Structure formats: C-alpha cells, structure tokens
Amino acid sequence: MSNISKKDKKLLIIAIVIFLIIVITSISFIWLPKKEKINKVGQYDAVKNCDNKLINKYLDDLSILLLEGNFEKLYKKIDKLYLDDNGLNEKNTKKFLTDNIFIGKSVSIDSYELSKEGTNYVYRIKYTMNGLNRYVNLIEPKPYNYTLSFDQKNIPTNDKGKQKTYLVNNIKFDITIMEKTDNHIKYSVIITNQDVKTAEFNFDTVNTAVLVLKDNTEIKMCTVVMDKNNTILTLGSVTKEEFFYTLSLENQSKIKGIKLKDVMINQKLTEIMIEF
C-alpha cells in the first residue's frame, strides 16, 4: 500500500465510494416497496384490479343482505328514490320484498353487468331466490358507497324521465329516456322548428334515425310506422316521435347520440347529429 501514490489513493477511495453508492441504490430499488400503478376508472382513480376487489366485495355483501334475517341491514342500503316510487317505508318494505321473493332463506348470485348511468355506475346483478331469477341493482356514486333497488325491468338512471334539450341547425330536440332495460332503450323526441323555413323528416324506415355509439357504430331502430308520410315542419311547428332500439346494457354506456338521415332543410338534403 505504501507504493501507492496519494493521487492513486484518492482515486481508489472515490471508486470505492461510487461502488458502495451503486450497491446501496440497487438494494434499495429491489427491497423498497413499489408504488402501485394507478389506473383511471370512470370518474375516480382506483388501484389496478380494484374493479375485481369491488365487485367481489359487493357480491359478498349481497349474499348476506338478501337473506331475510338481515332485513334491518338491507333496508339501510335500499335507494330512497326506489322506496318513494313504490310507497315503501320501514314498516312495509320487508313484506314487499318477501312477497315478491326478492329476499329469502338462501340466495345464489349468478351474474352481473356494469353500466354507467349519468354520474353513477350501476351493477345489474342477477340472482336466484327460491328457484326464481331476480335482479338487484347496485347504484354506486363512488367506490364502496352504494344503494340498492329491485327494479326488475328498468335500469335505475338519473336521466330516466328527464327531458334534455339540444339545438342543431336551428331545430330544437327535446329528448327523454322513456324505457331502459337490459336489452333495449326507448326515447321520446319532440322536434321543434325554431328558425328555418321548412324541415322535412323521413321516419318510415329503420335507417333514418340511428343510434350512434362512441366508436361510430350505428344501431338501427327496431320498429317504424310503415308508409308514414314525411313529417314537414314549417317555422314554429312541432312533432313528437318515439325511437326504440335493441341494445345490450354494456353498449348503452357507449351511446354517443342520435343521427337523423334523409333530412331536408330548406330543400337541401342533410344529416343531423344530436350528440348527448
């Protein structure tokens, strides 16, 4: 060591220090806990695979809450709007649920579908009670916070029955969701000519009022009134139409709007896209 110059000693010390820093950094990288990756899920952030953790928690909850012996806990979770719509309260709800075989002594959870309804996520959960198929809707405004409804046909949505207004090409469209189920959706559409000379609509084929999804897939209407004359709206006149579409619950979350084809505005052929 005595043969090593002071300069070499300094270089050796520096090399040893750098080596130790590299070793310590490597060990820290290996052993320190890694920060979990965060994925964006709808309107809230959730840890990766949180969807599975959530639904498993919800299904476990329901396998307990749907037993008739746990009515008190279940009642606290039932959506207030559902109670009000059905004239239910703490005194008559248990009888209502029992008579309709929504609760019982044993329950089997079968499957679920997830859709986004306004600001909420709705889990449409199918279960078996006393050999009969039943549905319970889990309405989730945010993770681990939910209410329940037992609508068997319609999907609970904040938009149902609420009229929304859109103005396109000086024509007003007042659109209301009339029905929303596992496999179809029905709209009421009031069309008002606000500020054009004439607007002519053709609703006698399934292709002229299509539902458009976010990937631009077009869904034709299910039914139309055959041999219906074209609807001609002069300035200030109004017509009311109903559009009915077959569409899975999953795809209902992907609806972008309604496209009207073969529209004549002031004698010029055009299309109107009503984006929701």
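Reply: Among contacts in the protein with a separation of 6 or more, 54% are made by residues 24 or more positions apart; a contact means heavy atoms within 4.5 Å. The model is predicted, so local features need pLDDT of at least 70 and side-chain atom pairs count only at pLDDT 80 or more, while totals for chains, interfaces and linings use all residues. Residues are numbered from 1 along each chain as its sequence is written, and side-chain values use heavy atoms, with hydrogens and water left out.

The protein has 6 helices and 16 strands. These are DSSP runs, numbered from the N terminus: helices are H or I with at least four residues, and strands are E with at least two. Of its 276 residues, 37% count as buried, where buried means under 20% relative accessible area, exposed over 50%, and partly exposed in between, with a 1.4 Å probe and protein chains only.

Strands of a sheet pair through backbone hydrogen bonds, either parallel or antiparallel; here two strands pair if DSSP finds at least two bridges between them.

Strand 7 (residues 163–168) pairs with strand 8 in the antiparallel sense over 6 bridges. In this pairing, Gln-163 stands opposite Thr-176 of strand 8. Strand 8 (residues 171–180) is then joined to strand 9 by 9 bridges, and the two run antiparallel. Opposite Asp-174 stands Ile-190 in strand 9. Strand 8 and strand 9 form a hairpin, with 3 residues between them.

Thr-181 belongs to the loop between strand 8 and strand 9. Its relative accessibility is 9%, so Thr-181 counts as buried. Leaving aside residues up to four places away in sequence, Thr-181 touches Lys-153, Asn-154, Ile-155, Leu-249 and Gln-252.

Strand 9 is mostly covered, as 9 of its 10 residues are buried. Strand 9 (residues 184–193) also pairs with strand 14, in the antiparallel sense and over 9 bridges. Two of the partners in strand 14 can be named: Phe-244 is the bridge partner of Lys-186, and Tyr-245 is the bridge partner of Ile-185.

A search of the whole structure finds 12 aromatic pairs. Rings of Phe, Tyr and Trp (its six-membered ring) pair if their centres lie within 6.5 Å; planes under 30 degrees apart count as stacked, over 60 as edge-to-face and the rest as tilted. The rings of Phe-102 and Phe-150 have centres 5.3 Å apart and planes at 15°, so this pair is stacked. The pair links distant parts of the chain, 48 residues apart: Phe-102 lies in the loop between helix 5 and strand 3, and Phe-150 in the loop between strand 6 and strand 7. Phe-102 and Phe-150 are both buried.

A further pair is formed by Tyr-112 and Tyr-123, whose ring centres are 6.1 Å apart and whose planes stand at 45°, so the pair is tilted. Tyr-112 is in strand 3 and Tyr-123 in strand 4, 11 residues apart. Tyr-112 is partly exposed, with a relative accessible area of 37%, whereas Tyr-123, at 3% relative accessibility, counts as buried. Ring pairs link Tyr-58, Tyr-112, Tyr-123 and Tyr-146 into a cluster. The charged end of Lys-77 sits over the ring of Tyr-146, 4.0 Å from its centre; this requires NZ of Lys or CZ of Arg within 6 Å of the ring centre and within 35 degrees of the ring normal.
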